[in-house]
Each structure stands twice: as structure tokens, then as C-alpha cells.
Amino acid sequence: MTHRTAAVLFVALAAVYLAAVNGSWAMRPDSALYLGLGRSLAEGRGMEFNGGQWWALPPVLPMLVAACRWVDPGYFLPNLIMHLAALAAVAVSVAAIRELAQDLPEAMQKHFVVAAALTIGFSAGLFVHVSLILTDVPFLLLISIATYAFLRGGRGHWGWYFLGAAALLVASWTRLPGVIFAAGLVLAVLLDLSREGYRRRALAAVGAGAIVLAGFAAWYFLVRTRGDPGTIDQVAAVTGERFNVFSPAKWPALMQAVANFPAALASAITDQKLEGWHFNLLPTAVLLVGLWTLLRRRQMLVLVPVALYVGFLIVLSPSSVAPRYFLPIMPMLVYGLLVGAQTLRLALESLTRRPAWPGWALAVVVAACVGTSAPKIAREIYWMRHPQFYAVYDGGKWSDFRNVSAVLRERGRPEADAVVASQPTIVHHLSGLRVAAGPPLWPREGPRAYKSLPPKEFAQAVARGPWRFVVMPADTPDWSEPMMKAIEESGALGPPERFGRLVLYERRTQP
């Protein structure tokens, strides 16, 4: 790809991505948690959220939010940083693919790089996450930097491995699977016996891995232990029993996780739920052809980290095999897809003995992916630029939480009053009031699975409890209506106040 072509593509991508930057918050429960933790750090209260210290959660994103709040307490700066990080991730990923494509003929290198830039840059699977203040985009950028650095280390100076180690260390403090990618990249170097200078590369890669391991151990033993009981501890959740693949009880979950892969792959690139196995299996089949070709080329720095990470997701749970969690490997999946398409083109031309333009197979992949992504990208930009953002974003379903939280903030006393809410992190972040976060209301799945209790039992628990406010969905007829009727019959709470899809109750006599 010439410098002029690269400049034109980057300007086009920057125009699209920066068009979606605004000063509003694209609400998500996990985003509320990170924003709340960042606000707490900026105010000198540590990693406090809802009365607990959350140091068992990797702290990089809360630290980034805190740094933004020191400059501007609004949402514009973190939104801008997420979009710039996404642009940087696309650029670094394309640079990594350019390194991988060096063993191809020069003409095909250009086709591969342009196809990768278009498919990754205009991926709706990436674009819809850019407006969310979550770990997804920073983690993608860090993994892309590490992958590129290890590729350059294999072809040039060993110092590149330590740039990769720095990126992986920060990645492991952003999301715990950063350690998996570190192990995968180091193992890939050790398995690549075909290049010259194996001993030097192996020593440098092992040294880089040791740096990541030491940094992760420092967080694990010195920082994580400061977390309060009842807060999220992602390390404790990864138990040996969950990874016992030899247990027959685990096999149905494993089969379901594998069955989820085709839909997750298609949606990770296009953010479209392609109904029907016959659609989802096609890109998976092309990808498998590409991975087989990469194995024959011994491109271990693609295969090993991707295989370890996907294996981790499959064994962890079926719900982990989801588009969001494929985002860190999405660029390498796109590369595998392009390689598979090119391999199939060569096989077809060998059978028909009719050579054609060598880039047509790549063009088909780009057209399919970008064409499918374009409506979602256009919709996302429309939402972000709309003057009534909260009314239109995601169908307006989050605007009700914003409105009811404003009332709670006005009426409530942060040190004395508590709230029962189906989205506790969002309500706590917006209102500043303590939210219910455990039994007896949510004995199993957690607050978002509010229907885990029968409506009458839920209403009785609320009526007996110490909470001043109750905020629950009012648009679920088979659950909301019986719940509201039971609360009314209890007499403990005042008349309901409607906020769109939500209903607010306030206790008649405060405890």
C-alpha cells in the first residue's frame, strides 16, 4: 500500500470515527462501574463504588477515567480517547498484517493490506464498541501493539519484544486475559524453529514474558488483595472446576460454546446477527481454511495466541463465546478470513485453469463485511450526532434510567438512603445513592436477573427491607404487573411514579 493510499484511507476512517464523538454517555452497566471507580479515584477515595473497594478489578480503565476527570468531568474526553484508541488499533493491526503478508508476492501484499484496512476499519463489530467507555477498545489496542512488536522482534531487533512486554503488562492490568496473550505470543516464538537467530529470539521472548508475569504478580498479590468482600474478583471466578474439561458435566457447555462460535465470529466483524447456520457457517469455513494455510506457513504469532484465547473462552462458558470478547482477536480473524478466501481462489483457478484478477476474492470479503457493517455504522453516527441523544440511542431504553436517577439524586440522601434497582451500577453512578447488591433480592444470578424471584416474593422482600426507593421495569407484563400489584397490596410503599419503561416507588415510612 502506497503512502498516498494509506493517507486517504486513514483520513476516511478518521472522519467516520470522529463523527461519532460526543459529550454524552452511551450507558452500559459495566461502563457505569468503571466511570464510578474513575470518579472515586479522581476524588481521592480509592477504588470505591457502592460502599466497597474494588481493587480486585484491573485498574487501568478507572485510572484513565480519573485522569480524564482531572481535565474535564464530562464524558467528551473519555469518548474522544476511545475513538482515537480505536483508530490507533486499526493502524497498528494493519501494520501487523503488513508484516505477516511479507512472504506474499509484492502485488498481493498491497491487496491484503488494503483489504485488511477496509475490513477492520469499517467493521461495525469494532465501531459499536468505540462509543462505550469499557475496556474493549484499550485492550484491543494493547494486544495489537504487542502482536506487532513480537512480529518486528522476529524480523529485526530483539528490543521489540520488550515493547511488546510493556503493552502486554498494561493489557494484563486492563483485562486478565492479557496474561493469556502474553503466554500465547511467547509460546509462538518458542515454537517457531524455522527462523535464524532462534536462541536470541527465544531468550528475548522469555524475558518479555517474565516481565509480564512479574507485573501481573505484583497486581495479584499487592493490589488485588485490597478489594473488599462482595466486590467482583475475576481471578477467584476462574476456578479449576470450571476448566475441568474431562468432567462429563462440563461437556454440554463445551459443545454449546463451540456451537456459538460461527455466530460470534460473524457478529464480531459486522455486528449483525445473521440468522441461520447456513449464513454463519460460511465465514467460519473460510476462516478455517485460512488458519490451515497459516499453519502451513508456520505463522505461529497468529495461530497460537488466537488458539489459546479462543480455547479459554470456550472452556470458560458458552456466554464467553460472544462478539464482544472476540474483539481483541478480530484483526487476526479478519486476516485469517482473507487468507482463506485467497486460498480458495487459488484452488478454484487451479481447477478451472482460468486465471482472473488476483484480488477478486479479497474484494468479495471486503464487500460482504463492509456492506453488512455499513447500516450499523450509519445508525451509530446518527445516534451520536442526534441533538436528543438519550431519546434515540439504543431505542431510548437508557433515557428512563437517566430521568429517574435525577429524581433520586434530588430526593435522596447519599449517606442514609438506599435503592433497589434492576440496573444498580447505572442508578448508583447517576444518583449517588447506595443500591442493593445481594440477597435476599438476588440470591443467584444478580440484580440484572431481577425475575429470578417470583413477583410476589420480590414485592414482599422489598416491603420488609430497609430500602427507601425501588426502581424496576414496568414493561414486563408477566412479571411487572403482579409485582406492582403485590407492592400496592403491601402498603409499605407509596403510589408508583412512571418514567417510561420504569416505575419508581418510595417508602411511606422511612426506617
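This note goes through a predicted model, taking strands, helices and single residues in turn.

1. Basis. The model is predicted, so local features need pLDDT of at least 70 and side-chain atom pairs count only at pLDDT 80 or more, while totals for chains, interfaces and linings use all residues. Residues are numbered from 1 along each chain as its sequence is written, and side-chain values use heavy atoms, with hydrogens and water left out. Helices (H or I, at least four residues) and strands (E, at least two) are DSSP runs, numbered from the N terminus.

2. Strand S3 (residues 418-421) is covered on both faces. Ala418 and Val420 lie on one side and Val419 and Ala421 on the other, and all are buried; buried means under 20% relative accessible area, exposed over 50%, and partly exposed in between, with a 1.4 Å probe and protein chains only. S3 is joined to strand S4 (residues 434-435) by two bridges, and the two run parallel. Two strands pair if DSSP finds at least two bridges between them. Ala418 has Arg434 as its bridge partner in S4.

3. Strand S5. On its other pairing, S3 meets S5 in the parallel sense over three bridges, with Val419 opposite Phe469 of S5. Strand S5 covers residues 469-473, and five of its five residues are buried. Phe469 also has a bridge partner in S7, namely Glu506.

4. Strand S7. S5 and S7 pair in the antiparallel sense over five bridges; Met472 stands opposite Val503 of S7 in this pairing. S7 itself (residues 502-506) is mostly covered, with four of its five residues buried.

5. The S6–S7 hairpin. Strand S6 (residues 497-499) runs antiparallel to S7 and is joined to S7 by three bridges. Glu497 has Leu504 of S7 as its bridge partner. The two strands form a hairpin with two residues between them, and in the turn Gly500 has a positive phi of about 65°.

6. Helices H1 and H5. The axes of H1 (residues 3-18) and H5 (residues 106-121) come within 11 Å and cross at roughly 5°. Axes are lines fitted to C-alpha atoms, for helices over the stretch in contact, and angles run from 0 to 180 degrees between N-to-C directions. The crossing makes H1 roughly parallel to H5; angles under 35 degrees count as roughly parallel, over 145 as roughly antiparallel, 65 to 115 as roughly perpendicular and the rest as oblique. Thr5, Leu9, Leu13 and Tyr17 of H1 make the contact with Val114, Ala117, Leu118, Ile120 and Gly121 of H5, where contact means heavy atoms within 4.5 Å. By class, the contact has seven nonpolar, two polar and no charged residues. Ala, Val, Leu, Ile, Met, Phe, Trp, Tyr, Cys and Pro count as nonpolar, Asp, Glu, Lys and Arg as charged, and the others, Gly among them, as polar. An α-helix has 3.6 residues a turn, so residues three or four places apart point the same way.

7. Helix H16. Helix H16 (residues 330-352) has 23 residues and should span 33 Å at 1.5 Å a residue; the expected span is 1.5 Å times one less than the number of residues. Its end C-alpha atoms are 33 Å apart, which agrees. Just after H16, Arg353 takes a positive phi of about 55°.

8. Positive phi in loops. Most residues other than glycine have a negative phi. Asn50 has a positive phi near 55° and is found in the loop between strand S1 (48-49) and strand S2 (52-53). Asn50 is buried, with a relative accessible area of 15%. Asp271, not a glycine either, has a positive phi of about 55° and sits in the loop between helix H12 (251-270) and helix H13 (277-296). Asp271 is buried at a relative accessible area of 18%.

9. Ser131. This residue is found in the loop between helix H6 (124-130) and helix H7 (136-155). Ser131 is buried, with a relative accessible area of 4%. Not counting residues up to four places away in sequence, Ser131 touches Ala20, Ala26, Asn79, His83, Glu380 and Met384.

10. Val286. Val286 is found in helix H13 and, at 14% relative accessibility, counts as buried. With residues up to four places away in sequence left out, Val286 touches Gly336, Leu337, Gly340, Ala341 and Leu344. Val286 and Val258 are 28 residues apart in sequence and 17 Å apart in space, C-alpha to C-alpha.
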